[in-house]
Amino acid sequence: MIRTIQTEEITRNIKEMCMEANHFLAEDMEHAMKKAAEEEKSELGKKILLQLQENLKIAGEEMIPICQDTGMAVFFVEIGQDVHFEGQWLEDAINEGVRQGYTEGYLRKSVVADPILRENTKDNTPAIIHYSIVPGDKVTITFAPKGFGSENMSRIFMLKPADGIDGVKNAILTAVKDAGPNACPPMVVGVGVGGTFEKCAILAKKALTRPVNEHSEIPYVADLEKEMLEKINKLGIGPGGLGGRPSNDHKKKKHPHFSQECPSLLYKLVPIHLIHILNGFHLLHQFFLLDALILTKSIQTGIKISQLRIYITE
C-alpha cells in the first residue's frame with residue numbers, strides 16, 4: 001500500500017531538527033559526559049569536561065547554540081519504496097527546512113554558494129543530502145550539523161591489498177595523531193573501509209550514526225574497534241587537545257571492493273557537540289535518538305561523547 005507524505009511536513013520537521021540539535025543534549029549523553037569526567041585521569045582533562053557540561057546547561061537554559069559552529073546540514077534520507085511525496089520537490093522541501101531552522105533559530109550561516117568566489121548564501125543552504133531507497137512505507141532522516149573544525153581533519157588513505165589490517169590500524173592512528181587538537185576533542189570518530197573513493201567517505205560519515213557503545217556485529221571488527229579505541233586514548237590528546245583521553249568508542253564500516261583496487265579508508269572526526277538526530281518520520285512524527293530511545297512528539301539531539309566507529313557493511 002502506498003503512503004502519501006506531504007513535503008511541507010518534511011520541511012516543518014527539518015526546521016525543528018536544525019534548531020533542537022544545536023541547543024540540547026539528550027539525557028543519556030548527560031550521563032555519558034558525567035561518566036567521562038569521573039573516569040578522566042588528567043586533572044586538566046577533567047576540568048575541561050566539567051566546563052563542557054556547564055556549557056551544555058547554559059545552552060539549554062538560554063537557547064544559545066552548544067557551539068558557535070552550527071555546521072553544514074548533512075542528511076541521510078532513507079525513503080521507503082512504498083512512499084509517495086506530494087507538494088514541492090523533496091530536495092527543495094529539505095532545504096527550506098534548513099533555511100527556516102537556521103534563520104529563525106539564529107544559527108550561524110556558514111555555507112557559500114561557490115567555493116572559490118566565497119559568497120555566503122545567508123541561510124546555510126544548500127544541504128548535503130544522501131538518498132537511499134529501502135523497503136517499506138516510512139521515511140527516516142538522519143541529520144548531522146557538521147562542523148568544519150572536524151570536517152577539515154578528515155583523511156583518505158588508499159591502501160595496498162598487501163597492507164592488510166595493519167595498514168588500516170596505522171592509517172587510523174596516523175589520522176588521529178595528525179588531527180591532534182584541531183578536531184575539537186573529545187570527539188566521535190568514524191572510519192569507512194573498502195568500496196570506492198566516494199563510497200568510503202559516505203561509509204565513514206554514516207558510521208557516526210551508530211549508537212554509543214554499540215560495536216560491530218562482526219566479531220573481528222568489534223575486536224578491532226576496541227583495540228583501536230585503547231590505542232587512540234593512549235595518544236594522550238585529551239579533551240581540548242590538552243591531555244587525557246580524546247575518545248571512548250570506536251566504530252567501523254566496510255564495503256566490498258574491486259580485487260585489484262587499493263582498499264580505501266576514510267577517517268572522520270566529529271566534535272561531541274555536532275552530532276545527529278534520527279527521525280523516523282511517520283504519522284506520529286516520532287524521533288529516534290542515537291541511543292535508540294523513541295520520543296513521541298518530542299525532539300531532542302542524540303549527541304554522543306567520544307566515539308570511534310568503523311563502518312563495515314551496509
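**Entry 1: helix α4**

I kept in mind that this is a predicted model. I started with helix α4, which covers residues 90-104 and has 15 residues. From its first C-alpha to its last I read 21 Å, close to the 21 Å expected at 1.5 Å a residue. Next I asked: which residues of α4 are buried? I found Leu90, Ala93, Ile94, Asn95, Gly97, Val98, Gln100, Gly101 and Tyr102. I then looked up their neighbours, and these buried residues pack against helix α1 (7-21) and against the strands β2 (72-80), β3 (83-86), β4 (128-134) and β5 (139-146). After α4 comes tyrosine 106, and I noted its positive phi, near 55 degrees.

**Entry 2: cysteines**

How many disulfides does the structure hold? I counted 0. I checked cysteine 67, whose sulfur has its closest cysteine sulfur in cysteine 184, 6.4 Å away, so the two are too far apart for a bond. Cysteine 67 counts as buried at 16% relative accessibility. Cysteine 18 is buried too, with a relative accessible area of 0%.

**Entry 3: an aromatic pair**

I searched the whole structure for aromatic pairs and found 1. Phenylalanine 75 and phenylalanine 143 are its partners, and they are stacked, with 5.0 Å centre to centre and 25 degrees between the planes. I liked that this pair links distant parts of the chain: phenylalanine 75 sits in strand β2 and phenylalanine 143 in strand β5, 68 residues apart.

Definitions and conventions:
Residues numbered from 1 in each chain as written. Predicted model: local features only at pLDDT ≥ 70, side-chain atom pairs only at ≥ 80, totals over all residues. Heavy atoms only, no water. Helix = DSSP H or I, 4+ residues; strand = E, 2+ residues; numbered from the N terminus. Expected span 1.5 Å × (residues − 1). Buried < 20%, exposed > 50% of the residue type's maximum accessible area, 1.4 Å probe, protein only. Contact = heavy atoms within 4.5 Å. Disulfide = S-S within 2.5 Å. Phe/Tyr/Trp six-rings, centres within 6.5 Å; stacked < 30°, edge-to-face > 60°.
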